[in-house]
Every structure is written in structure tokens, then in C-alpha cells.
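Visitor: Please take a close look at one strand in this model. I would like to know what surrounds that strand and what pairs with it.

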Amino acid sequence: MLIRKPNPLTGTDIPSSEITPKEKWLNRRSFLACAATTGAVALGAAHIADVLSPSQFVRAAGKLDTVKSPLSTTGEQLTSLNDITHYNNFYEFGTDKGDPSRNAGGLPTRPWSIKVSGQVAAPKTFDIETLLKMHPLEERTYRFRCVEGWSMVIPWVGYSLSELIKQCDPTPKAKYVQFISYFSGKVEKWAPGGYNWPYSEGLRMDEAMNPLTLLTMGLYGDVLPNQDGAPVRIIVPWKYGFKSAKSIVQIKFLDHQPSTTWNDQAPNEYGFYSNVNPEVDHPRWSQKTERRIGQPFYAQRHPTLMFNGYGDQVASLYTGMNLKRNF
């Protein structure tokens, strides 16, 4: 039996257009927590904006205006939002794939800013609202390949990292870019010991400036969920997933190769470059094939593509390099 409840403020039925899809509702724990404390649940979707502060409303109703990007991967089935948000690596919130979706709700994504330092004309700070307006937001569908052997096809939202780098005014001495992730020690109760937190990743400057490298603030047209690296991360689609730093709070321009978390942790397994390469196996497993999350069991196994299929755009970055030694 269908039960329809009238809007308590207007006395009218709530239009179906105002009802949040179940999938998104279940993934917005921060929204539920806020709504429960303000009584917003009883007001209906049309009145939530009146009781939430602007920053909270951005988190709760984060639809983004986007344009299609010509740099998107085409012709592949998208991974479902449910899989993208429930099968994650985010060790600060647990080491099992389902842990981040359960534990990352406490990540405070507003207010948020990124501090820029190092080899730049002057240190700068960019808040998330500025980043959202700096350049038109593009929807870019990319293959995403994890070093563990699984993959997804994800419609990210953002724009080329190069647009932000231009605003940072790096000096000619800047040869590398380092990304530092958020870590307070308070909300990351599930972070394993033995790691040098906060998480650090890095790219060579020409890699960071490549148009494919995406400053990412959303997926599926909405703001990033916490477990996927909210509110801002990078995506480097031709490299293994751990190179795509999440929840970035600092960007440092350096004249030397930066220290990075996984390369420090196990340099024989996680090289600084970590380009997707089916000919270079991880010491504990083959990289020749990958398992596409969300597809039927009989169709999950795919051959791994060199540079994850983006060789035409990025292979020239590594001309003359030994990609087995510089893995």
C-alpha cells in the first residue's frame, strides 16, 4: 500500500521531484546528522535550505553544474554510484573496502581550504568555493585502475589541475608537485599504525600539467562523497589509484622528488611513477588483467591496457625512460 504524507507546512502532498533518491540518501550521513539535530527531516526537501547554513546546504544538496568534456573515456559501461561509494581504499577510515563508507562521515568538508607553498612566487590559500568557481566544471568519465587489480569507470566532475597550477604562480625551480591529505588524528580512528600520516603523494610537474590530470570535486554530477575523497582530490587516470590523492589540504611545489606514503612504506611494491603497465607485475600478483567492479562475474575480467588506455595522451612524458625500473 502506498502511503503519501502531506507537507506539514503547506498541507499539500510532497512532489516526487522533491524526494531524495534512496541511493543518495543512504550515502549522506553528514546530512542526516545535521537534519536530525535541527528537525529538518520533518520539514521536507523544499524547506531544508531555510534551516541549514550555506556551507551545510552545499554538502547536503550538492548538485553541480557541469559541461561535457571531450577528454572523457567513451564506450564503456559506467560503474554504479553504489559501487563507487561502497568499494573504496581510504586507509584513514579503515583498511577494508567497505570501511570508508561506514566511517568517513565525520570528515569535516566545510569550511575547507588548500594551502599552496614551496617554489611559488608567494604562498597562497584557496577555499573550496573559489576552486568550484575557478573554471567551468567538466564531467569526465575515466577508467580508474587500482594496483590491487580491480577497476571502475567513473564520471568524475572537475577540471584540469593545470588551471589551478597557473593560479599558484610556480617558479622555474618547481619540478615536482606534492599533495598532502587531511589528517586531524581525531576523526580517523580507524587509520592503521605504522604509516607516516598525513597521506602524501606527488607528481612530476609535466605530469601535473597534463590536461588529463583532473582536479576533482564531484562524481555523477554531485559533490564528492566523503569516502571518495571529499571535498577535493586529484585523479591521474593513467596511474594506479593510490597516486590520486584524496581530501587535499596542502599543495607544495618542490625542486626535488617528494616523499610519498606508499613509496616510503614499500618501495619495492609501489614506485614513485606507478604508471599502469601490464608488463610490470606487482611482487605479489600479476597486472596483466583487472577485475571490473559491478559487472557480472563472467564479464568482470578485462585485459589491462598500457597507461590504462591513455597512452596517446601521456606516453610522450616518458620517452627514453625504462618503465620497468621506473615503475
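Guide: Two strands pair if DSSP finds at least two bridges between them. The model here is predicted. Take strand β6, residues 176-181. 6 of its 6 residues are buried, so β6 is largely enclosed by the rest of the structure.

Start with the faces. In a regular strand, side chains alternate between the two faces of the sheet. In β6 both faces are covered. Tyr176, Gln178 and Ile180 are buried on one side. Val177, Phe179 and Ser181 are buried on the other.

Now the partners. β6 and β7 run antiparallel, joined by 5 bridges. Strand β11, residues 248-254, also pairs with β6 in the antiparallel sense, over 6 bridges. Valine 177 shows both pairings. In β7, valine 177 stands opposite leucine 203. In β11, its bridge partner is phenylalanine 253.

Phe253 leads on to the core. Phe253 and Leu131 have the most contacts inside the largest nonpolar core, which has 58 residues. Strand β5, residues 150-160, gives the largest share of this core, with 6 residues.

Back to β7, residues 200-204, where arginine 204 lies. Arginine 204 has 15% relative accessibility; the cut-off for buried is under 20%, so arginine 204 counts as buried. A polar atom of its side chain lies 2.7 Å from the backbone oxygen of leucine 317. Leaving aside neighbours within four places in sequence, the contacts of arginine 204 include Tyr176 of β6. Lys175, Phe272 and Met321 are also among them.

Notes:
Residues numbered from 1 in each chain as written. Predicted model: local features only at pLDDT ≥ 70, side-chain atom pairs only at ≥ 80, totals over all residues. Heavy atoms only, no water. Helix = DSSP H or I, 4+ residues; strand = E, 2+ residues; numbered from the N terminus. Buried < 20%, exposed > 50% of the residue type's maximum accessible area, 1.4 Å probe, protein only. Polar contact = N/O pair within 3.5 Å; in protein donor to acceptor, adjacent residues only side chain to side chain. Contact = heavy atoms within 4.5 Å. Core = buried A, V, L, I, M, F, W, Y, C linked by side-chain atoms within 4.5 Å.
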